[in-house]
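Subject: Structure handover

Hello,

Here is the structure you will be working with. My notes on it follow below.

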Amino acid sequence: MSMFYLILLLEIVLIIKTLGDWGIGVAIGSCVVLALIYLWAMRHKYGDNLIPLEREAIPWLYDGIARLAEKANISMPRVYLLDDYIPNAYSFGNTIVLSLGLFEVLDESEVLAVAAHELGHIKNGDTRSFPIVAYGRFLMLVITGLLVVAGESLVKVAAVLLYLAYELTRTEFMKNREFKADETALRLLEVPMTLKEALEELKYYEDLRTNVKLNAVPSIEPSIDRDRKKITIVETHPSYEERILRITVEINSLMNIKKVQ
């Protein structure tokens, strides 16, 4: 995280040097606005399509996550079910969200493996650091835009280079945290292989969904493409292939350690 702070600090120093007192006002104002947006987003994170998980409804899921949380030495997270047929899972704060689509694609042990990955993010502090990185990016965008418009040639170049440095650092950081969450999940699961199997099933589903989309014919069924799918220039999430390979290596390493013991 120190690299992010350093890049942000250099960008802020650059705008203060370029715009003087007005630059200070822009930097402070941008930080305040982003902080308010963050607080608003946290309060409005719960949508109408999020269903609180009750133990009576799905006891195996509730108890399974409780066991994983206890093993991870963290408090039982809030768990919500997302009313969406697309398999998806994410976490924020001390909360895990699992889409109903996961239950259509994965079996019970594989769903718990996905939950273990999200618990890994909570355990490793990613749910606290990810928002900082994301909102820092917005701050970089605002300041870089102003410097490109108002700065001299060298300032423009420096601002753009700093922004590119932030993007590259962000990409590497996010990917490494995904790998780290997988590693944590493997140590929480009784059968680590279930995480690999879950990712293989999800990869198969994604490949099938893409194939259906590419070979679509007129139908009464709506497009199965994600409404919220975004096209990004820089991919911050490792591919299924990368994660499966890393997990396979990690499982073999864990097995070798157990043999030595």
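L39 counts as exposed because its relative accessibility is 51%; exposed means over 50% and buried under 20%, with partly exposed in between (1.4 Å probe, protein chains only). This is a predicted model, in which local features need pLDDT of at least 70 and side-chain atom pairs count only at pLDDT 80 or more, while totals for chains, interfaces and linings use all residues. Residues are numbered from 1 along each chain as its sequence is written, and side-chain values use heavy atoms, leaving out hydrogens and water.

L39 lies in helix α2; helices here are DSSP runs of H or I with at least four residues, and strands are runs of E with at least two, numbered from the N terminus.

On the pairing of strands: β3 (residues 89-92) and β4 (residues 95-99) run antiparallel and are joined by 4 bridges, where pairing requires at least two DSSP bridges. A89 stands opposite L98 in β4. Their hairpin has 2 residues between the strands, and G93 takes a positive phi near 55° there.

The largest nonpolar core has 34 residues, and L61, I65, L98 and V114 have the most contacts inside it. Such a core is a set of buried Ala, Val, Leu, Ile, Met, Phe, Trp, Tyr and Cys residues joined through side-chain atoms within 4.5 Å. Helix α5 gives the largest share of this core, 8 residues. Leaving aside neighbours within four places in sequence, L98 is in contact (heavy atoms within 4.5 Å) with several residues, including L61, I65, Y80 and V114.

Regards
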